[in-house]
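My entries follow in the order I made them.

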Amino acid sequence: MTDLAAQPPSRNLQKRALKPVVFVLCLLPLAWLGFRAATNDLGFNPIETIVRDLGDWALRFLIIGLAVTPVRRFTGLNAVGRLRRMLGLFAFFYVTLHLVAFIGLDQQFDFAAVWREILKRKFITIGMLAFVILLPLAITSTDGMVRRLGGRAWRRLHRGVYLAGVLGVIHYFMMVKAGLQQPTIYAVILAALLLARLMPAKA
Ligand code: HEM
(Lines give C-alpha, C1' and ligand atoms only; values in the text may rest on other atoms or scores of the structure.)
Protein backbone atom coordinates (compact mmCIF):
# COMPACT_ATOMS: atom_id res chain seq x y z
CA MET A 1 0.00 0.00 0.00
CA THR A 2 1.29 3.52 -0.77
CA ASP A 3 1.88 5.68 2.24
CA LEU A 4 0.56 9.12 1.27
CA ALA A 5 2.08 10.73 4.37
CA ALA A 6 5.57 9.64 3.29
CA GLN A 7 5.34 11.47 -0.06
CA PRO A 8 6.12 15.12 -0.85
CA PRO A 9 3.01 17.34 -0.33
CA SER A 10 2.68 18.18 -4.06
CA ARG A 11 2.64 14.47 -5.09
CA ASN A 12 0.29 13.81 -2.23
CA LEU A 13 -2.12 16.48 -3.43
CA GLN A 14 -1.93 15.24 -7.03
CA LYS A 15 -2.80 11.74 -5.88
CA ARG A 16 -5.71 12.90 -3.77
CA ALA A 17 -7.00 15.24 -6.49
CA LEU A 18 -6.85 12.76 -9.37
CA LYS A 19 -10.07 10.89 -8.68
CA PRO A 20 -12.29 13.89 -7.82
CA VAL A 21 -10.98 15.78 -10.87
CA VAL A 22 -11.64 12.85 -13.21
CA PHE A 23 -15.05 12.34 -11.59
CA VAL A 24 -16.06 15.91 -12.42
CA LEU A 25 -14.62 15.60 -15.95
CA CYS A 26 -16.71 12.47 -16.50
CA LEU A 27 -19.86 14.42 -15.65
CA LEU A 28 -19.13 17.20 -18.13
CA PRO A 29 -20.72 15.46 -21.17
CA LEU A 30 -23.95 15.10 -19.22
CA ALA A 31 -23.78 18.69 -17.99
CA TRP A 32 -23.16 19.89 -21.56
CA LEU A 33 -26.13 17.86 -22.85
CA GLY A 34 -28.29 19.30 -20.04
CA PHE A 35 -27.16 22.80 -20.94
CA ARG A 36 -27.99 22.26 -24.62
CA ALA A 37 -31.41 20.90 -23.63
CA ALA A 38 -32.07 23.89 -21.38
CA THR A 39 -31.09 26.33 -24.13
CA ASN A 40 -33.08 24.53 -26.86
CA ASP A 41 -29.92 23.64 -28.71
CA LEU A 42 -30.56 19.98 -29.50
CA GLY A 43 -31.43 20.37 -33.17
CA PHE A 44 -34.63 19.45 -34.96
CA ASN A 45 -34.90 16.06 -33.26
CA PRO A 46 -33.95 16.58 -29.58
CA ILE A 47 -34.88 13.06 -28.48
CA GLU A 48 -32.67 11.49 -31.12
CA THR A 49 -29.85 13.86 -30.18
CA ILE A 50 -30.13 12.91 -26.50
CA VAL A 51 -30.28 9.14 -27.13
CA ARG A 52 -27.38 9.29 -29.58
CA ASP A 53 -25.21 11.59 -27.50
CA LEU A 54 -25.59 9.33 -24.46
CA GLY A 55 -24.84 6.28 -26.64
CA ASP A 56 -21.69 7.96 -27.94
CA TRP A 57 -20.49 8.69 -24.41
CA ALA A 58 -21.33 5.18 -23.25
CA LEU A 59 -19.07 3.78 -25.96
CA ARG A 60 -16.34 6.36 -25.35
CA PHE A 61 -16.22 5.57 -21.64
CA LEU A 62 -16.19 1.83 -22.32
CA ILE A 63 -13.18 2.37 -24.56
CA ILE A 64 -11.46 4.79 -22.18
CA GLY A 65 -11.95 2.25 -19.38
CA LEU A 66 -10.44 -0.48 -21.54
CA ALA A 67 -7.48 1.76 -22.33
CA VAL A 68 -6.45 2.10 -18.69
CA THR A 69 -4.54 -1.16 -18.37
CA PRO A 70 -2.61 -0.87 -21.67
CA VAL A 71 -1.78 2.77 -20.92
CA ARG A 72 -0.52 1.81 -17.49
CA ARG A 73 1.50 -1.08 -18.88
CA PHE A 74 3.10 0.84 -21.72
CA THR A 75 3.74 4.11 -19.92
CA GLY A 76 4.37 2.93 -16.37
CA LEU A 77 1.85 5.51 -15.12
CA ASN A 78 0.48 3.43 -12.31
CA ALA A 79 -1.78 6.16 -10.98
CA VAL A 80 -4.18 5.73 -13.92
CA GLY A 81 -4.91 2.20 -12.68
CA ARG A 82 -6.85 3.70 -9.80
CA LEU A 83 -9.28 5.25 -12.28
CA ARG A 84 -10.32 2.03 -13.93
CA ARG A 85 -13.28 1.20 -11.73
CA MET A 86 -14.62 4.75 -11.85
CA LEU A 87 -14.33 4.92 -15.63
CA GLY A 88 -16.05 1.55 -15.98
CA LEU A 89 -18.88 2.71 -13.76
CA PHE A 90 -19.23 5.89 -15.78
CA ALA A 91 -19.52 3.77 -18.92
CA PHE A 92 -22.35 1.90 -17.22
CA PHE A 93 -23.88 5.17 -16.04
CA TYR A 94 -24.00 6.57 -19.60
CA VAL A 95 -25.28 3.27 -21.05
CA THR A 96 -28.05 3.29 -18.45
CA LEU A 97 -28.95 6.90 -19.27
CA HIS A 98 -28.91 5.97 -22.98
CA LEU A 99 -31.33 3.10 -22.25
CA VAL A 100 -33.53 5.23 -19.97
CA ALA A 101 -33.65 8.00 -22.59
CA PHE A 102 -34.68 5.43 -25.19
CA ILE A 103 -37.37 3.94 -22.94
CA GLY A 104 -38.61 7.22 -21.50
CA LEU A 105 -38.23 9.78 -24.27
CA ASP A 106 -38.33 7.69 -27.43
CA GLN A 107 -40.84 5.05 -26.30
CA GLN A 108 -42.72 7.08 -23.63
CA PHE A 109 -42.32 4.27 -21.08
CA ASP A 110 -44.41 1.93 -23.19
CA PHE A 111 -42.62 -1.22 -22.08
CA ALA A 112 -44.49 -3.47 -24.49
CA ALA A 113 -43.29 -1.26 -27.35
CA VAL A 114 -39.73 -1.31 -25.95
CA TRP A 115 -39.83 -5.10 -25.88
CA ARG A 116 -41.10 -5.18 -29.48
CA GLU A 117 -38.26 -2.86 -30.53
CA ILE A 118 -35.70 -5.08 -28.80
CA LEU A 119 -37.01 -8.11 -30.69
CA LYS A 120 -37.61 -6.41 -34.02
CA ARG A 121 -34.60 -4.13 -34.53
CA LYS A 122 -31.45 -6.18 -34.47
CA PHE A 123 -29.17 -3.29 -33.53
CA ILE A 124 -31.29 -2.72 -30.41
CA THR A 125 -31.14 -6.46 -29.61
CA ILE A 126 -27.34 -6.23 -29.72
CA GLY A 127 -27.31 -3.04 -27.61
CA MET A 128 -29.52 -4.71 -25.03
CA LEU A 129 -27.23 -7.72 -24.96
CA ALA A 130 -24.28 -5.42 -24.25
CA PHE A 131 -26.26 -3.79 -21.44
CA VAL A 132 -27.15 -7.17 -19.93
CA ILE A 133 -23.46 -8.12 -19.99
CA LEU A 134 -22.45 -4.90 -18.27
CA LEU A 135 -25.10 -5.11 -15.53
CA PRO A 136 -23.43 -7.84 -13.41
CA LEU A 137 -20.06 -6.13 -13.88
CA ALA A 138 -21.42 -2.91 -12.40
CA ILE A 139 -23.09 -4.81 -9.55
CA THR A 140 -19.86 -6.65 -8.70
CA SER A 141 -17.62 -3.60 -8.89
CA THR A 142 -17.37 -3.09 -5.12
CA ASP A 143 -14.42 -4.28 -2.99
CA GLY A 144 -16.82 -6.51 -1.06
CA MET A 145 -17.93 -8.26 -4.23
CA VAL A 146 -14.33 -8.76 -5.38
CA ARG A 147 -13.64 -10.47 -2.04
CA ARG A 148 -16.83 -12.52 -2.14
CA LEU A 149 -16.23 -13.78 -5.70
CA GLY A 150 -12.49 -14.24 -5.34
CA GLY A 151 -9.98 -12.44 -7.57
CA ARG A 152 -9.84 -15.06 -10.29
CA ALA A 153 -13.61 -15.47 -10.76
CA TRP A 154 -14.03 -11.71 -10.56
CA ARG A 155 -11.43 -11.11 -13.28
CA ARG A 156 -12.99 -13.78 -15.49
CA LEU A 157 -16.42 -12.18 -15.12
CA HIS A 158 -15.05 -8.72 -15.80
CA ARG A 159 -13.49 -9.81 -19.07
CA GLY A 160 -17.09 -9.48 -20.27
CA VAL A 161 -16.37 -5.79 -20.70
CA TYR A 162 -14.48 -6.61 -23.91
CA LEU A 163 -17.48 -8.40 -25.31
CA ALA A 164 -19.71 -5.50 -24.29
CA GLY A 165 -17.33 -3.13 -26.10
CA VAL A 166 -17.37 -5.26 -29.25
CA LEU A 167 -21.17 -5.51 -29.14
CA GLY A 168 -21.38 -1.74 -28.57
CA VAL A 169 -19.38 -1.16 -31.76
CA ILE A 170 -21.45 -3.71 -33.72
CA HIS A 171 -24.60 -2.00 -32.41
CA TYR A 172 -23.27 1.28 -33.80
CA PHE A 173 -22.33 -0.25 -37.19
CA MET A 174 -25.78 -1.80 -37.52
CA MET A 175 -27.49 1.44 -36.62
CA VAL A 176 -25.86 3.71 -39.16
CA LYS A 177 -27.16 3.50 -42.68
CA ALA A 178 -24.42 5.60 -44.21
CA GLY A 179 -21.20 7.14 -42.94
CA LEU A 180 -19.35 4.25 -41.42
CA GLN A 181 -16.45 6.49 -40.46
CA GLN A 182 -17.33 6.99 -36.79
CA PRO A 183 -18.02 3.35 -35.90
CA THR A 184 -14.91 2.36 -37.87
CA ILE A 185 -12.78 4.66 -35.70
CA TYR A 186 -14.20 3.03 -32.56
CA ALA A 187 -13.67 -0.44 -34.05
CA VAL A 188 -10.00 0.29 -34.82
CA ILE A 189 -9.33 1.70 -31.34
CA LEU A 190 -11.09 -1.23 -29.72
CA ALA A 191 -9.14 -3.73 -31.83
CA ALA A 192 -5.87 -2.00 -30.89
CA LEU A 193 -6.77 -2.16 -27.21
CA LEU A 194 -7.66 -5.84 -27.44
CA LEU A 195 -4.36 -6.55 -29.22
CA ALA A 196 -2.42 -4.54 -26.64
CA ARG A 197 -4.08 -6.65 -23.99
CA LEU A 198 -2.77 -9.82 -25.62
CA MET A 199 0.80 -8.56 -25.81
CA PRO A 200 3.16 -9.68 -23.05
CA ALA A 201 3.76 -7.21 -20.21
CA LYS A 202 6.96 -5.10 -20.22
CA ALA A 203 9.78 -6.72 -18.26
C1 HEM B 1 -23.08 -1.12 -24.19
C2 HEM B 1 -24.28 -0.76 -24.62
C3 HEM B 1 -24.54 0.30 -25.64
C4 HEM B 1 -23.67 1.15 -26.28
C5 HEM B 1 -22.16 1.26 -26.11
C6 HEM B 1 -24.45 1.95 -27.18
C7 HEM B 1 -23.93 2.92 -28.03
C8 HEM B 1 -24.64 3.56 -29.02
C9 HEM B 1 -24.06 4.43 -30.01
C10 HEM B 1 -22.59 4.78 -30.11
C11 HEM B 1 -25.06 4.86 -30.79
C12 HEM B 1 -24.93 5.78 -32.00
C13 HEM B 1 -24.83 7.21 -31.59
C14 HEM B 1 -24.65 8.14 -32.79
O15 HEM B 1 -25.26 7.95 -33.82
O16 HEM B 1 -23.85 9.09 -32.64
C17 HEM B 1 -26.28 4.26 -30.31
C18 HEM B 1 -27.52 4.46 -30.85
C19 HEM B 1 -28.67 3.92 -30.36
N20 HEM B 1 -28.79 3.06 -29.33
FE21 HEM B 1 -27.29 2.32 -28.22
N22 HEM B 1 -25.76 1.59 -27.08
C23 HEM B 1 -25.86 0.59 -26.15
C24 HEM B 1 -27.00 -0.02 -25.72
C25 HEM B 1 -28.26 0.30 -26.13
C26 HEM B 1 -29.48 -0.21 -25.59
C27 HEM B 1 -29.54 -1.18 -24.41
C28 HEM B 1 -30.50 0.34 -26.29
C29 HEM B 1 -31.97 0.14 -26.13
C30 HEM B 1 -32.55 -0.93 -25.67
C31 HEM B 1 -29.93 1.20 -27.29
C32 HEM B 1 -30.66 1.94 -28.20
C33 HEM B 1 -30.12 2.75 -29.14
C34 HEM B 1 -30.89 3.47 -30.12
C35 HEM B 1 -32.41 3.42 -30.28
C36 HEM B 1 -29.99 4.20 -30.90
C37 HEM B 1 -30.26 5.04 -32.14
C38 HEM B 1 -31.14 6.15 -31.96
C39 HEM B 1 -31.50 6.68 -33.32
O40 HEM B 1 -31.91 5.94 -34.21
O41 HEM B 1 -31.38 7.84 -33.48
N42 HEM B 1 -28.56 1.17 -27.16
N43 HEM B 1 -25.99 3.48 -29.23
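I count two residues as in contact when they have heavy atoms within 4.5 Å of each other. The model is predicted, and my entries should be read that way.

Entry 1, His171. I found His171 in helix α8. Leaving out residues up to four places away in sequence, I listed its contacts as His98, Phe123, Ile124, Ile126 and Gly127.

I looked up how helix α5 (residues 122–139) packs with helix α8 (residues 160–175) and got an angle of about 160°, with the axes 8 Å apart. I therefore noted α5 as roughly antiparallel to α8, since angles over 145 degrees count as such. The crossing of the two helices is left-handed. On the α5 side I noted contact residues including Phe123, Ile124, Ile126 and Gly127. On the α8 side, His171 is one of the contact residues, and Leu167, Met174 and Met175 are also among them. Sorted by class, the contact of α5 with α8 has 15 nonpolar, four polar and one charged residues.

I checked the length of helix α3 (residues 84–106). Its 23 residues at 1.5 Å a residue should span 33 Å, and I found the end C-alpha atoms 32 Å apart, so the two values agree. Just after α3, I noted a positive phi of about 50° at Gln108.

Definitions and conventions:
Residues are numbered from 1 along each chain as its sequence is written. This is a predicted model: local features need pLDDT of at least 70, side-chain atom pairs count only at pLDDT 80 or more; totals for chains, interfaces and linings use all residues. Side-chain values use heavy atoms; hydrogens and water are left out. Axes are lines fitted to C-alpha atoms, for helices over the stretch in contact, and angles run from 0 to 180 degrees between N-to-C directions. Helices (H or I, at least four residues) and strands (E, at least two) are DSSP runs, numbered from the N terminus. Angles under 35 degrees count as roughly parallel, over 145 as roughly antiparallel, 65 to 115 as roughly perpendicular and the rest as oblique. A crossing is left-handed if the near helix is turned anticlockwise from the far one by less than a right angle, and right-handed if clockwise. Ala, Val, Leu, Ile, Met, Phe, Trp, Tyr, Cys and Pro count as nonpolar, Asp, Glu, Lys and Arg as charged, and the others, Gly among them, as polar. The expected span of a helix is 1.5 Å times one less than its number of residues.
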